[in-house]
Amino acid sequence: MPARLRSFAKALIHRGRIENEMAEELEFHIATRAEDIMRSGVSPAEARRRALIEFGAVERHKEDAREARGLRLVNELGGDLRYGWRQLLRTPSFSLLAVAVLAIGIGANTAIFSAIDAVMLRFLPVQAPEQLRRIEWVAREGEFVGSYNGSMRPNALKQLVAWSVSYPVYRHIRDNSTSFSGLMTFSGFTQLNLTIRGHATLVAGELVSGNYFSTLGTQAVLGRTLIPEDDRETSLAVAAVISHPYWQRNFGSDPATVGQRIAINGKPAVIVGVLPKGFCGVNPAWCPDVMLPLAVYEILGQGEGVLQEPDHWYFEVIGRLKPGISDEKARAETELLMRQAILQYRPKEAGDLPRVNLSPGGQGIDELRSEYRQPLRLLMCAVGAVLAIACANLAGLLLVRSAARQREIGIRLAMGAGRWRIMRQLLTEGLLLAFLGGAAGTLLAQYGGSAVVRMLAEKNQPPGVAVAANLKIFGFSLALCLLTGLALGLAPAWRAARVEVVTLVKSSGAGADRAPLRAGKVLIAVQAALSLVLISGSALFIGTLVNLESEAIGFKPYNILLFQLDPTLSGYKEGRLLDFHEQVLRSVSELPGVTSASISRWGLLAGSRTTDSIRVPGEKPISTDTHFVAPRFFETMGIPLIAGRDVTWNDRESSKPVTLVNEALARKYFHGLSPVGRILELEEKKVEIIGVTGNTKFGSLRDDMRPSVFIPFRQNPQHSMTYALRSMSNPKEMTLAVRSAIEAIDRNVPMYEVKTQIEQIGELVRRERLLAGLVSGFSLIAVVLAGLGIYGTLAYFVARRTPEIGVHMALGAQKRTVIALVMRETAMPVLIGLACGVAGALASGSIVEKFLFGLTPQNPWALGTGAAVLLACSLCASLAPAFRAAGIAPMQALRHE
């Protein structure tokens, strides 16, 4: 077998030379035989003629030789491709339309798969990523945890599944583990105030252990990475490494960047290295601009005692397994070490000790995959349905074309062509069409995948996600083209294999062969079913978008400018921090055009919230949203003050603790009685209620109006605050004046997250708007394709049954009867398709249910809209062929062949 493969490969590669050698060898044999005949006195011409007769058909011998080398099939396929290409050129309009339709279908599928590959399938650009393991723990209660920072979720057994551990626990596991060659930890996203040459900017930072890069096996492209010696509080200078994009963006790719002195949160630091292009740490959702050693955690004001206290579970851990160590051995050892550390630091309050699991860490943290999984799954289903509709549509049209070529097929069969040879020719034509469409679609997908990820993201494409062509994407596109080509050519090829030669040869070309029409009806039903699923889905997404945008939010969002300040990154603490916020607020309130201004910890509908537990003495505690606000917050945001008074500047650190509550809390606790003057217990602290406000949406448009309390920000200091300025005109026009006012107070405190309240609300519905737009676009394509399929099937029906229609007309049939006859041909398949589509839409409800708001997947309005659109489409597509049939002249039809 290897010898035959080598012979075939050699013949295929050196095909021209093999053909020449074969021709020379055959000519040698013929010439030698002719010389033998010439010795008997025969003329050269006669001798050559006799030699050729004895030798037989030269081309047959060549074909035998080619078949022996395996080249005959290659030659036949080449001939099939050339013939298929000529067939496409004979109908350029149909060919261009088919290629365009397939380019959209295959390109959309490839683009979505590119996004899936980048987000869901790609490994981190590190050494041997398959050896990395992420440590997670599971517990019923978690009494051993004091404060927690990071992701945590319940599992099916209502247990806590978490990933962060305390630094003492990490250190104990790292120092005593025998299963890992390296165990590193990191703190996750943090904001840093970085000063370069006297200019302060806010950057994304991450604090990592000194063995972070050695565990991952990542080297710097310039300078060096962090090492364990950097991760010590006794280090002479804070070592920092910067990302490749930040190096290009802010240093112009200057090699002299390494060694430059900078300031981070006011503390001196030095850049020791630049990370490689494409490396963004272990969280693909974001890319830190600067990475620092964990030892500077407290120096930078990120938290006091975090690295010493076992109560602060803030750090995630990823390790690299040693060769030959099983996951179970490493898991058992890690669980034992974690329990030892907990018992060592909290022997009495440990409670239910955790179980440890090791999950694959080669793809990094899976938060991004969890966030994108459902939207990408939904879009993949949508584009898959579009491609299926396109295939059904074009398969029907190709079936009609093959029916028109039935005499050609019959003659070829009568002349000795095998049925498999005819089937292969028709399959080749379908494959050629699919690969032409696939080539164009792959070019479109080069930009589509990145665009899909950017659109699905809340703002910009996650910097840790690189959508780029690779062998997986190429293989997917190739497989898709192959399956599409088979789907297109299978029906015509199957029909050609079942026909009778005599019937085809005798056929006049306009007979009553109804097989293509029956197959076309089946394909129409398929298109109608898939189209209904898409249309009803788009109706649900549009309805969700309308519901969200019309949802009552409880405040007036127009003409409000938002921005954030975090003075702690510039060294402000305690009283200086509060005074800074107050000074800035008073300054921006006096700017021309500002009607009112205030601050709060989180902005309204910003996607973040602070949740606390409160209770009225004698009542059970409830969970509430807690807002830390300044005077005039309710006036600025347009929230009605129903009873009592607002926060004032007299509500300070030394004054009596006070709070305002919203109507939802007042109704839940006080049952219609005025709560003003009553006492609440908030986190073991008693506060007096001074007012009642209206209800507002806070974290998300999908949230209910939750019970909320509003506390003067000076009585509960917060490091960063969101500023809200209401203006008389376009709020964006105040940005420069606001920045100047802040810089006049302290130019080292940069403003960030500058946007209007309307823009902030728009970000909340960005994904819903995107899904509604994309699925609606796919639905429109599906409807157009379904209409083309119905039109093509009916046009074929009219053309094939022209004589029959002529007889009806000659016998006195009315035009409306003929119109009804034609339209009935598609009425039943469309209705069957609608019934199947309703079942499909109900069955696919679980895919879209997560994205809906105020609607259910079984919404009759959505299904009714889809059915109405499809019926209208089928009616419009049927009218032209029906009226053409009604206009047939009887005598012309009777002469029709």
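**Figure 1. Confidence across the predicted protein chain.** The protein chain of this predicted model averages a pLDDT of 82, where pLDDT is the predictor's confidence in each residue, from 0 to 100. A score of at least 70 is reached by 85% of the residues. Helix H1 (residues 2-13) has the lowest mean pLDDT among the elements, 53. Helix H8 (residues 212-216) has the highest, 95. Over residues 508-512, pLDDT stays under 50. For that stretch the model has 9 contacts beyond four places in sequence (contact means heavy atoms within 4.5 Å). Residues are numbered from 1 along each chain as its sequence is written, and side-chain values use heavy atoms, leaving out hydrogens and water. As this is a predicted model, local features need pLDDT of at least 70 and side-chain atom pairs count only at pLDDT 80 or more, while totals for chains, interfaces and linings use all residues.

**Figure 2. The whole protein chain.** The protein chain holds 27 helices and 25 strands. These are DSSP runs, numbered from the N terminus: helices are H or I with at least four residues, strands are E with at least two. Of the 897 residues, 52% are buried (buried means under 20% relative accessible area, exposed over 50%, partly exposed in between, with a 1.4 Å probe and protein chains only). Take the contacts between residues at least 6 apart in sequence: 81% join residues at least 24 apart.

**Figure 3. Helix H7 and its cover.** Which residues of helix H7 (residues 167-176) are buried? They are Tyr-167, Pro-168, Val-169, Tyr-170, His-172 and Ile-173. Their cover includes strands E5 (164-166), E6 (180-196) and E13 (312-321). Helix H10 (327-345) is also part of the cover.

**Figure 4. Val-258 in its loop.** Val-258 sits in the loop between helix H9 (244-251) and strand E10 (261-264). Val-258 is partly exposed, with a relative accessible area of 29%. Val-258 and Gly-223 are 35 residues apart along the chain, yet 6.2 Å separates their C-alpha atoms. Not counting residues up to four places away in sequence, Val-258 touches Leu-222, Gly-223, Ile-271, Val-272 and Gly-273.

**Figure 5. Helices H17 and H20.** Helix H17 (residues 574-589) packs with helix H20 (residues 735-745) at an angle of about 140 degrees, with axes 10 Å apart. That makes H17 oblique to H20. Axes are lines fitted to C-alpha atoms, for helices over the stretch in contact, and angles between N-to-C directions run from 0 to 180 degrees. Angles under 35 degrees count as roughly parallel, over 145 as roughly antiparallel, 65 to 115 as roughly perpendicular and the rest as oblique. From H17, Phe-580, Gln-583, Val-584, Ser-587 and Val-588 meet Val-738, Ala-741, Ile-742 and Ile-745 of H20. By class, the contact has 7 nonpolar, 2 polar and no charged residues (Ala, Val, Leu, Ile, Met, Phe, Trp, Tyr, Cys and Pro count as nonpolar, Asp, Glu, Lys and Arg as charged, and the others, Gly among them, as polar).

Figure 6. Met-728 lies between strand E24 (721-727) and H20. Buried or exposed? Met-728 is exposed, with a relative accessible area of 64%. Beyond four places in sequence, Met-728 is in contact with Asn-559, Gly-593 and Thr-595.

**Figure 7. Helices H24 and H26.** Helix H24 (residues 815-843) and helix H26 (residues 860-886) pack at about 155 degrees, their axes 9 Å apart. H24 and H26 are therefore roughly antiparallel. Their contact has 21 nonpolar, 3 polar and 1 charged residues.
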